[in-house]
Amino acid sequence: MVKYNPKNWFGLIFHSYSRQVVKTLTPFLLIMVVYTALITFLIEDYFKLDFHSTTVVHSLLGIVLGLFLVFRVNSAYDRWYEGRKLWGLLLNNSRNLASKLNAMISQENEEDRKFFRELIPAFAFAMKDHLRKGVNIKYLKITDENIKKQLGEKEHIPNFITSLLYQKLNNLLLKSKLTPNQFLVLDKEMKEFSDILGGCERIKNTPIPYSYSMFIKKFIFTYTVTLPLAFISEFHYITIPIVIFVFFILVSVELIAEEIEEPFGGDTNDLPTQELADKIEKNVKELLD
Amino acid sequence: MVKYNPKNWFGLIFHSYSRQVVKTLTPFLLIMVVYTALITFLIEDYFKLDFHSTTVVHSLLGIVLGLFLVFRVNSAYDRWYEGRKLWGLLLNNSRNLASKLNAMISQENEEDRKFFRELIPAFAFAMKDHLRKGVNIKYLKITDENIKKQLGEKEHIPNFITSLLYQKLNNLLLKSKLTPNQFLVLDKEMKEFSDILGGCERIKNTPIPYSYSMFIKKFIFTYTVTLPLAFISEFHYITIPIVIFVFFILVSVELIAEEIEEPFGGDTNDLPTQELADKIEKNVKELLD
Amino acid sequence: MVKYNPKNWFGLIFHSYSRQVVKTLTPFLLIMVVYTALITFLIEDYFKLDFHSTTVVHSLLGIVLGLFLVFRVNSAYDRWYEGRKLWGLLLNNSRNLASKLNAMISQENEEDRKFFRELIPAFAFAMKDHLRKGVNIKYLKITDENIKKQLGEKEHIPNFITSLLYQKLNNLLLKSKLTPNQFLVLDKEMKEFSDILGGCERIKNTPIPYSYSMFIKKFIFTYTVTLPLAFISEFHYITIPIVIFVFFILVSVELIAEEIEEPFGGDTNDLPTQELADKIEKNVKELLD
Amino acid sequence: MVKYNPKNWFGLIFHSYSRQVVKTLTPFLLIMVVYTALITFLIEDYFKLDFHSTTVVHSLLGIVLGLFLVFRVNSAYDRWYEGRKLWGLLLNNSRNLASKLNAMISQENEEDRKFFRELIPAFAFAMKDHLRKGVNIKYLKITDENIKKQLGEKEHIPNFITSLLYQKLNNLLLKSKLTPNQFLVLDKEMKEFSDILGGCERIKNTPIPYSYSMFIKKFIFTYTVTLPLAFISEFHYITIPIVIFVFFILVSVELIAEEIEEPFGGDTNDLPTQELADKIEKNVKELLD
Amino acid sequence: MVKYNPKNWFGLIFHSYSRQVVKTLTPFLLIMVVYTALITFLIEDYFKLDFHSTTVVHSLLGIVLGLFLVFRVNSAYDRWYEGRKLWGLLLNNSRNLASKLNAMISQENEEDRKFFRELIPAFAFAMKDHLRKGVNIKYLKITDENIKKQLGEKEHIPNFITSLLYQKLNNLLLKSKLTPNQFLVLDKEMKEFSDILGGCERIKNTPIPYSYSMFIKKFIFTYTVTLPLAFISEFHYITIPIVIFVFFILVSVELIAEEIEEPFGGDTNDLPTQELADKIEKNVKELLD
């Protein structure tokens with residue numbers, strides 16, 4: 001995530017777009033320039049057609065398309081914000097669990113305290129990588145070689161960590177180191193860990209429906225390809241900047257929506273999952289030391 | 001569900017529409033071409049009417065219609081996403097239940113473990129088919145012939161599986177194989193199974209209200225049928241591509257909304273319920289082995 | 001609720017509107033025809049005014065009015081869907097309660113089983129009628145004459161059924177036929193029964209605020225009454241179909257919103273509460289037999 | 001709250017606006033008439049300026065303003081509906097609590113039954129007045145003079161009633177007149193009482209942000225003040241009814257939003273909190289008699 | 001937060017904007033005046049270009065931009081309102097916890113009562129400052145020097161206060177001063193404290209995504225910079241007020257959104273967190289005295 005000052009207008013307006021966006025947009029813009037110029041040349045100077053055009057159709061459909069894009073961006077933003085909420089909950093929940101375990105497990109029981117001190121942050125780190133390229137167990141700070149080996153055999157690491165945490169709690173209950181009601185209270189936190197994981201996996205694995213996504217792209221395409229026809233008869237070569245301007249706005253919106261709706265990667269707009277996992281580690285350590 | 005790369009614009013724009021959509025749209029488009037051509041011919045060349053037309057009414061109503069369609073697609077999308085959320089919850093919940101049962105039922109008690117190992121995934125498979133054509137018990141991987149026979153006598157299979165799971169838990173409580181608080185914790189998961197089932201049934205059985213659906217279709221119909229009148233006096237035969245263009249956009253949106261709002265079938269845009277059920281089976285097996 | 005095939009376009013477009021809508025709309029449409037014709041005649045042929053008109057004001061206000069109507073329909077739809085959700089929950093909850101009671105109350109205790117087998121569906125039937133014209137106890141399938149007499153003395157029947165169910169559960173707890181945790185689990189289901197009832201009553205008793213409803217109707221009225229003035233100078237008698245077309249769309253939307261927002265009656269678009277109550281009866285019988 | 005028949009169109013359209021709205025609107029409308037007439041006179045007849053005007057800017061900004069107003073009304077409506085939901089919950093919750101207490105407190109224990117029979121409705125009445133002008137203890141039907149005196153010393157009456165109810169429940173638990181699980185069940189209802197109170201206080205005490213409210217009013221003002229300039233050159237004195245028409249629509253919307261967003265007063269559009277409190281009293285009495 | 005009368009139109013319209021907004025807007029407006037004047041001068045009087053312009057493109061894109069801004073303001077308002085809800089919950093929760101502790105901890109146990117009487121409000125004050133510039137322990141009214149010292153060593157003060165409260169509750173449970181079910185009931189309130197804190201931190205730390213914010217600013221910039229070109233050929237120097245008018249509206253909306261979306265500072269539109277914390281202190285004192 002880029003840290004930025006939202007009130008610094010000039011900085012934001014003249015800031016160069018992130019490389020990826022430039023890479024994506026430039027060829028499209030060039031193609032549109034050539035295409036519009038060609039169409040204009042053919043109609044105006046080559047065939048010298050007495051072309052009678054209207055902007056009414058494109059005005060009307062432009063508003064409809066605009067509505068679609070605004071909703072598109074907003075539903076992408078909703079996903080992004082849901083992802084943020086889930087990670088906020090994870091931070092919260094990790095703190096809560098640590099704070100409760102601190103009160104419930106006696107200071108002498110260093111073994112169990114260490115178990116939770118290591119595995120609660122490990123869940124956050126594993127989840128972060130699971131939502132990116134996949135978990136590499138080497139980077140999880142777990143000192144118990146036995147657990148490390150077990151994790152190495154599993155495919156779904158964060159899932160298995162939850163399972164380990166749950167087994168530990170159940171053992172503590174059976175050994176009467178936790179009262180039944182303390183167990184109930186901790187179970188609530190545990191349930192949320194797995195709900196958070198499930199929510200993030202859902203966001204990652206569900207793009208907007210195929211036909212919806214295809215339709216918006218086809219709509220933008222058909223719209224901009226026919227756009228020169230609406231302006232040529234009156235504006236001649238000035239049609240080129242007009243088409244580029246409209247095209248730039250429409251495609252930008254779609255690109256932003258695409259960027260935002262996958263919030264767990266390492267891109268510019270993605271959520272600061274690395275920082276959040278670090279924060280969880282620091283907080284849990286402080287509470288369970 | 002079609003797996004696709006949302007960033008591959010060219011692929012998406014020129015990708016041929018799914019057969020079903022083509023089948024639905026082509027005759028309509030042809031009818032519109034013939035209709036518009038006929039109207040134009042009659043007014044322009046046959047009766048040679050001095051027809052004075054306006055695009056103002058269609059501009060205004062076009063925006064209103066556009067608003068309806070955008071909301072229509074978005075409420076269809078909300079359903080689709082709610083369906084996805086429910087199946088995500090099912091995956092989550094199945095894992096949770098298995099993970100908790102694994103901690104609570106001792107490794108020696110192979111009989112009860114097997115019961116849950118088979119019936120938790122069976123619920124997912126039964127629900128998947130229940131939301132499609134109906135459940136065929138043959139395809140459920142249940143080895144206990146007694147249970148299979150019982151299922152064969154019932155109409156609502158997923159419902160009855162929940163009931164079986166609940167009876168088993170209650171028995172374990174009565175035999176003191178579960179403590180009262182463990183029972184409370186497991187009950188929460190069970191409740192969610194039946195909430196998920198109920199939610200999916202609701203989505204499947206509730207189309208948008210009859211008069212609303214009828215109104216949108218009548219609006220699109222009246223709008224496109226009168227559309228040629230707005231353009232003929234100025235554009236003559238060029239009216240044909242204009243009308244087709246607008247018609248294509250409007251009908252596409254309605255068709256997409258119709259496709260998306262029933263997310264549990266086997267169509268291109270439907271949810272990958274088969275894959276999710278397979279995943280549940282694999283996960284539950286790993287956890288309860 | 002009308003069962004219909006949402007993909008059958010022709011059927012839907014040419015389907016005659018339900019009688020009620022026709023009855024409501026026809027006189028309005030006739031009045032508008034006469035009114036517009038009169039205005040046109042007076043201005044064009046009688047006073048022969050050199051009337052200079054504009055469509056800008058009506059375009060602008062038309063979009064604002066369109067926005068209001070779209071939001072209006074959507075908030076009506078939200079209510080309708082909330083009603084559907086609540087009835088879906090009722091079905092779910094009745095099944096859940098029956099399934100749990102089946103596991104908790106022994107097969108021998110036929111008396112208590114019968115009590116629940118009759119009263120759970122009775123709640124659904126009573127609620128259905130309570131949301132329509134009022135409950136007639138004769139139609140509730142309750143064999144216990146004592147309960148029937150008690151119900152006869154009360155005004156709010158579904159409320160009193162919940163109270164009876166709750167008393168029974170409390171008695172079972174006091175007689176130790178239910179463990180404290182089983183009681184807790186069943187209490188959750190009971191709470192939802194009364195939440196569902198409360199939600200449906202709220203939807204039924206709360207129309208949109210008076211001034212909002214009045215404003216939308218005044219807006220539509222003022223808009224259509226002044227609409228002829230915008231078109232006369234250019235379109236003369238063709239103003240009549242234009243005004244009727246716009247008027248038809250605007251009033252239809254408002255009528256649909258009115259129909260949808262009260263979903264518990266016996267009208268065409270209303271929820272199938274009768275079918276749902278029947279389904280509850282069948283399901284609960286199967287589970288508690 | 002005005003009870004009205006939403007299907008009686010003529011009644012609603014020609015119904016005279018509530019006095020308050022008329023009082024507010026009339027002077028504004030008169031000022032606008034004078035202002036527009038003056039501007040028109042000055043430009044057209046006094047200075048005889050060759051004024052070249054455009055309606056494009058006002059069309060565009062009119063749509064933006066319309067969007068703001070629609071959202072404004074809808075967010076006001078959401079508040080109103082949230083208030084309605086909270087009072088619906090209160091009715092529900094009071095019934096539930098009474099129904100549960102009826103099952104849990106024996107018929108002989110008239111003292112405790114009377115305590116709840118009086119204090120549950122007292123909470124509703126106190127909350128109603130607390131959200132209006134403040135509570136007058138005289139109107140609360142409490143017979144216990146001791147409690148009345150205690151209430152007289154407190155500032156926040158509904159809050160203190162919840163506290164009294166909670167103390168009573170805790171005492172019943174300590175005296176073993178309630179089992180621990182019955183206490184848990186009742187605690188849930190109590191928590192909702194205070195959540196309902198908190199929600200209503202929030203709605204009452206939080207107008208939309210200052211700068212947002214100020215902006216919308218400034219936007220309407222600037223828009224209507226400059227509106228004559230857009231029409232004068234073409235419509236001369238007909239500008240006056242056009243401006244008044246647009247102004248009337250815009251200001252009406254804002255006034256409706258203002259009326260709706262404070263739903264707890266005694267105005268025409270406000271919620272029927274008096275009736276609801278009466279209903280709670282009647283219901284609780286029936287259940288706890 | 002500014003207290004204002006939303007029905008005092010004149011006061012609101014002519015009220016001078018808060019200094020900050022004026023400071024931000026004035027230079028922008030001046031630059032736009034100079035820029036538009038220069039462009040007009042160059043095209044009209046210096047190069048005397050026969051410039052053929054159109055307002056269609058800016059009309060269309062203006063509506064799209066308007067849609068974005070309306071959604072932008074509304075999502076900012078949603079954040080603001082969520083912040084308000086969380087603080088309302090905090091008030092509610094603090095009261096609830098105090099009210100429950102009052103019933104559960106005997107009047108003689110002054111030590112524990114004092115602990116909660118001081119630390120519950122301290123949480124609110126610490127949270128308020130934590131969301132602004134950071135907590136200064138001097139301003140927290142805690143008399144126990146030991147606790148004060150502990151707080152001084154921690155970074156995240158509100159978090160640590162929750163931890164202290166939780167430890168105290170756990171100790172009371174272990175010393176049997178609280179029954180297990182009382183502990184369960186209090187745990188729910190404690191969980192909400194940390195959820196409220198987490199929610200507020202999320203709102204504070206998550207601006208809208210970088211690329212979205214940048215896009216809106218770029219869109220406004222490009223739009224207003226090209227706006228003069230659309231009006232010059234027809235309106236000459238009158239283009240200047242037109243451009244300024246549009247520019248003023250667009251930038252105002254964005255500025256309001258920016259102001260509203262960070263609701264925890266000390267600015268004009270920010271939430272009255274100081275007053276709410278004072279209220280919590282007063283209420284808790286009254287209840288636990």
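The lining of the largest pocket in this predicted model divides into 20 nonpolar, ten polar and 20 charged residues. Here Ala, Val, Leu, Ile, Met, Phe, Trp, Tyr, Cys and Pro count as nonpolar, Asp, Glu, Lys and Arg as charged, and the others, Gly among them, as polar. Of the 50 lining residues, D78(A), D78(B), D78(C), D78(D) and D78(E) lie nearest the centre of the pocket. A pocket is an open set of points on a 1 Å grid over the protein atoms alone, where a 1.4 Å probe fits, with protein on both sides within 12 Å along at least five of seven lines; lining residues have an atom within 4 Å of a point. The space in the largest pocket is about 2400 Å³.

Residues are numbered from 1 along each chain as its sequence is written, and chains are lettered from A in the order in which they are written. Local features need pLDDT of at least 70 and side-chain atom pairs 80 or more, while totals for chains, interfaces and linings use all residues; side-chain values use heavy atoms, without hydrogens and water.

Chains D and C also share an interface, in which 64 residues of chain D contact 64 residues of chain C (heavy atoms within 4.5 Å). Five salt bridges cross this interface (a side-chain nitrogen of Lys or Arg within 4 Å of a carboxyl oxygen of Asp or Glu). One salt bridge joins K191(C) and E192(D), at 3.5 Å from N to O.

The side of chain D that touches chain C divides by class as follows.

| Class | Residues |
|---|---|
| Nonpolar | 33 residues |
| Polar | 18 residues |

Notes. Grid points are joined across faces, edges and corners, and a volume is the space filled by probe spheres set on the points.
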